[in-house]
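Here is a short briefing on how two protein chains sit against each other. Have the sequence and the 3D view at hand as you read.

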Amino acid sequence: MTGIVILGVAVVVAVTFGVFRRATDGAFAAESESTTWTQVSAALPSASLGERATLVQFSSAFCAPCRTTRVVLADIAEQRDGVAHLEVDAEQHLELVRALDVRRTPTTLVLDASGHEVARAAGAPRRDQVLAVLPIGATP
Amino acid sequence: MIDPRGPRFTAAVTLVVLAVALLVPTPAAVVVVAGQAVFFAIGAGLGVQHTPTAVVFRTLVRPRLAPPAALEDARPPRFAQGVGLLFTVAALIAFATGAVLVAQVAIGFAVVAALLNAVFGLCLGCELYLLGLRLRTA
């Protein structure tokens, strides 16, 4: 009897969480964080800021959607002038992960030309979701 | 690199096995959970391509499907098998000490993870991995 109850609760919890995740994954929320690039470049001295925008992607090894995200962001960076894609291994940069409060992989931060964070999304974003928040004005 | 539908098929079978474990009386439940623990151990130890469900998928299911849109890294599902193994071992220890309710709750957590994986393609263990790292060295 208890087993049935536990099974029922587990199924309801899982379905609720799964539906919630499906709705919110990859959705960008507006941010206004002026020190993000300062923190990123302190952890990754060789990284360079894109002329118009930078897509900072946090990834880890045990992360299937990170691969999808990499393909989407790299493609956008290649097609749009002045947009850079920077992938950060979260496991190698835990200090930065904590400082920027990254909780999941993939997490994508969108930085403007001056390195201010303007948006972020947890979970794999679709191409159109990224383009909608890209701070580069009218695109060719 | 593996077909991402393989681990989802495995998760679906796991979900059914674990549901059965919650529905049958205790002596039978122990046998079912022990069997699932062996599957998890094979997946975590040898790789997800070597579990009995992966073999079934490869020989019986995959030939009937279209080719996959993309291949996937085998490490995340393998890690998930390890997480599943922890829950089933915890359940077996609880059964052994007579704490049937504790065992069933542990199986319940494994059901949540298996359902999220099978239905939504979401790897809960993989997501908790980064949070675990953050906490450990904080």
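How many residues does the contact take from chain B, and how many from chain A? Chain B gives 31 residues and chain A gives 30 residues, where contact means heavy atoms within 4.5 Å. This is a predicted model, in which local features need pLDDT of at least 70 and side-chain atom pairs count only at pLDDT 80 or more, while totals for chains, interfaces and linings use all residues. Residues are numbered from 1 along each chain as its sequence is written, chains are lettered from A and ligands numbered from 1 in the order in which they are written, and side-chain values use heavy atoms, with hydrogens and water left out.

**The interface**

- Chains A and B bury about 2,700 Å² between them, 72% of it on carbon and sulfur atoms; buried area is the accessible area (1.4 Å probe) that two parts lose on being put together, summed over both.
- On the chain B side, B:Phe120, B:Leu130 and B:Arg134 lose the most area to chain A, together 25% of what that side buries.
- B:Arg134 also meets A:Asp101 in a side-chain salt bridge (3.4 Å, N to O), a salt bridge being a side-chain nitrogen of Lys or Arg within 4 Å of a carboxyl oxygen of Asp or Glu.
- The count between chain B and chain A is three salt bridges.
- Helix 1 (5–23), helix 4 (75–96), helix 5 (100–120) and helix 6 (124–136) of chain B each give two or more residues to the side that touches chain A; helices are DSSP runs (H or I, at least four residues) and strands likewise (E, at least two), numbered from the N terminus.
- Helix 5 of chain B supplies the largest share of that side, ten residues.

**Aromatic pairs**

- Over all chains the structure holds five aromatic pairs, meaning rings of Phe, Tyr and Trp (its six-membered ring) with centres within 6.5 Å; planes under 30 degrees apart count as stacked, over 60 as edge-to-face and the rest as tilted.
- A:Phe62 and B:Phe79 are stacked, at 4.3 Å centre to centre with 15° between the planes.
- This pair crosses between chains, from the loop between strand 2 (53–59) and helix 3 (65–79) of chain A to helix 4 of chain B.

**Salt bridges over all chains**

- The structure holds 14 salt bridges over all chains.
- In one of them, the side chains of A:Glu87 and A:Arg70 meet at 2.8 Å, N to O.
- A:Glu87 lies in strand 3 (residues 83–89) and A:Arg70 in helix 3 of chain A, 17 residues apart.
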